[in-house]
Amino acid sequence: MPNAPPAIPLLAAVDRYFDLMFDNDISRFDEVFAPSAQLHGLRDDRLRLLPAPEYKTALASRPSPKSRNAPRRQEILLLDFASPTQALVKVRVRIDTVQYVDYLSYHRIDDAWLITAKSFHVEKTYDAPAG
């Protein structure tokens with residue numbers, strides 16, 4: 001899409017992120033995250049750091065929200081371009097019983113928008129579905 005407005009390919013990349021967070025289909029992981037991506041966030045008052053390969057393994061080892069019939073909630077809160085090859089996207093996404101606010105740093109690498117850093121915040125937790 002060389003002639004597409006800059007936001008269109010980035011929005012498609014964000015959709016791929018939302019899909020991955022819902023279905024855990026790690027065959028598409030490398031279309032979402034750069035191999036060197038780092039994920040950071042506080043969990044139980046402790047900073048958690050996950051390199052992309054560890055996050056890929058974590059996604060593969062747990063049931064997807066889709067398979068658990070969890071509600072799907074996602075929204076883009078902010079889209080900010082620093083340049084034609086760098087952007088920041090703030091999203092809200094529910095992953096199973098946890099609702100996050102994520103800051104996703106994107107870089108356009110070989111004409112593909114990939115997440116190079118993710119900073120996550122647990123905004124809300126929900127009770128697990130009965131059953």
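Me: Rings of Phe, Tyr and Trp, the last by its six-membered ring, pair if their centres lie within 6.5 Å. How many aromatic pairs does the structure hold?

Reply: The model is predicted. One of its aromatic pairs joins Phe33 and Tyr55, whose ring centres are 5.6 Å apart. The number of aromatic pairs that the structure holds is seven.

Me: Is the pair of Phe33 and Tyr55 stacked or edge-to-face?

Reply: Planes over 60 degrees apart count as edge-to-face. The angle between the planes of Phe33 and Tyr55 is 75°, so this pair is edge-to-face.

Me: Which elements does the pair of Phe33 and Tyr55 link?

Reply: The two residues are 22 residues apart and belong to distant parts of the chain. Both Phe33 and Tyr55 are buried. Phe33 belongs to strand β1, and Tyr55 to helix α2.

Me: Where in the chain do the partners Phe81 and Trp113 lie?

Reply: Phe81 and Trp113 form an edge-to-face pair, with 6.0 Å from centre to centre and 75° between the planes. They are 32 residues apart and link distant parts of the chain. Phe81 lies in strand β3 and Trp113 in strand β6.

Me: Which residues have the most contacts inside the largest nonpolar core?

Reply: In soluble globular proteins, nonpolar side chains tend to be buried together. The largest nonpolar core of this model has 28 residues. Those with the most contacts inside this core are Tyr17, Met21, Phe33, Tyr55 and Tyr106.

Me: Which element gives the most to this core?

Reply: The elements that give two or more residues to the core are α1, β1, α2, β4, β5 and β6. With seven residues, the element that gives the most is α1.

Me: Which strands does helix α1 lie across?

Reply: Helix α1 covers residues 7-23 and runs at about 30° to β4. The strands that α1 lies across are β1, β3, β4, β5 and β6.

Me: In what order do the six strands stand in the open sheet?

Reply: The pairing in this sheet is mixed. For example, β1 and β6 run parallel and are joined by five bridges, whereas β1 and β2 run antiparallel and are joined by six bridges. The order is β2-β1-β6-β5-β4-β3.

Me: Which strands stand at the edges of the sheet?

Reply: A strand at the edge has a single partner strand, so one of its sides is left without a neighbour in the sheet. The strands in this position are β2 (46-51) and β3 (74-83).

Me: Which residue in β6 stands opposite Leu39?

Reply: Strand β1 comprises residues 33-43, and strand β6 residues 112-125. Gln38 stands opposite Ala117 in β6. The residue opposite Leu39 is Lys118.

Definitions and conventions:
Residues are numbered from 1 along each chain as its sequence is written. This is a predicted model: local features need pLDDT of at least 70, side-chain atom pairs count only at pLDDT 80 or more; totals for chains, interfaces and linings use all residues. Side-chain values use heavy atoms; hydrogens and water are left out. Two strands pair if DSSP finds at least two bridges between them. Helices (H or I, at least four residues) and strands (E, at least two) are DSSP runs, numbered from the N terminus. Contact means heavy atoms within 4.5 Å. Axes are lines fitted to C-alpha atoms, for helices over the stretch in contact, and angles run from 0 to 180 degrees between N-to-C directions. A nonpolar core is a set of buried Ala, Val, Leu, Ile, Met, Phe, Trp, Tyr and Cys residues joined through side-chain atoms within 4.5 Å. Buried means under 20% relative accessible area, exposed over 50%, partly exposed in between (1.4 Å probe, protein chains only). Rings of Phe, Tyr and Trp (its six-membered ring) pair if their centres lie within 6.5 Å; planes under 30 degrees apart count as stacked, over 60 as edge-to-face and the rest as tilted.
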